[in-house]
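Work through the exercises below with the sequence and the model side by side, and try each task before reading its solution.

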Amino acid sequence: EECKAGPQSTSYVGPDRSGRWSKGLPGSGIRAARTHKTGTSMFRIILASTAFYARALVQIGYASFKAGRGRLDNAELVNGSHALRRSLESVGVRFEVAGAEALRQRGGGPYVFVANHVSALETQILPSILQDSAPCTFVVKSSLVTYPIFGRVLRAFNPIVVGREDPRADLLQVIEQGSDRLRDGISVIIFPQAHRDGCCWG
């Protein structure tokens with residue numbers, strides 16, 4: 001089973017609740033895909049999943065450790081994203097990326113990226129795909145930056161934080177702070193869906 005975006009759309013592909021993979025990030029020609037192997041035993045699935053989550057926890061924990069000491073920069077974010085991507089590939093996930101050269105041809109950014117939010121992996125995998133598009137930050141809900149481990153990593157990249165209680169105030173904050181980030185040469189990634197289910201803010 002395989003799902004791909006068209007050649008003219010930028011997409012990060014991730015699993016939805018049905019297990020299928022869907023398109024994201026319309027814009028500059030990046031696409032990705034996941035293939036599902038058939039006939040895999042339950043034991044192998046559990047073993048592969050356990051190995052992946054163990055690696056992911058180590059990588060996120062290490063990033064949080066460096067963030068707490070002020071030593072987590074964009075290069076570290078990209079390196080960590082590549083490591084997580086390799087972990088996914090080691091358990092059978094396959095990525096196909098096309099069109100990334102368009103970002104380099106346009107001079108390295110900054111850009112505004114708008115992506116589908118269908119799993120928890122987009123924020124962690126996109127930096128490895130968008131590494132040539134200048135440093136990146138995210139628009140995130142306020143509760144995420146209070147998480148004890150992952151929140152520390154997010155705070156290291158000065159995200160645009162929204163409360164999701166007043167949509168108008170959130171929009172003004174995204175416009176004002178997003179403009180500041182772009183002037184500083186920082187690309188902004190927006191997931192315009194709430195709770196990964198197609199609502200308002202990601």
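The model is predicted, so local features need pLDDT of at least 70 and side-chain atom pairs count only at pLDDT 80 or more, while totals for chains, interfaces and linings use all residues. Residues are numbered from 1 along each chain as its sequence is written, and side-chain values use heavy atoms, with hydrogens and water left out.

**Exercise 1.** Decide whether Met-42 is buried or exposed.

Solution. Begin by finding Met-42 in helix α1, which covers residues 42-68 (helices are DSSP runs of H or I with at least four residues, strands runs of E with at least two, numbered from the N terminus). Next, take its relative accessibility of 57%, because of which Met-42 counts as exposed (buried means under 20% relative accessible area, exposed over 50%, partly exposed in between, with a 1.4 Å probe and protein chains only).

**Exercise 2.** Describe how the residues of strand β6 point, and find the strands joined to β6.

Solution. In β6, residues 187-190, Ser-187 and Ile-189 point one way and Val-188 and Ile-190 the other, and all are buried. Strand β3 (residues 112-114) runs parallel to β6 and is joined to it by 3 bridges, with Val-114 partnered by Ile-190. Strand β4 (residues 136-141) is likewise parallel to β6, with 3 bridges, and here Cys-136 has Ser-187 as its bridge partner.

**Exercise 3.** Which element gives the largest share of the lining of the second largest pocket?

Solution. The largest share comes from α2, with 7 residues.

Conventions:
Two strands pair if DSSP finds at least two bridges between them.
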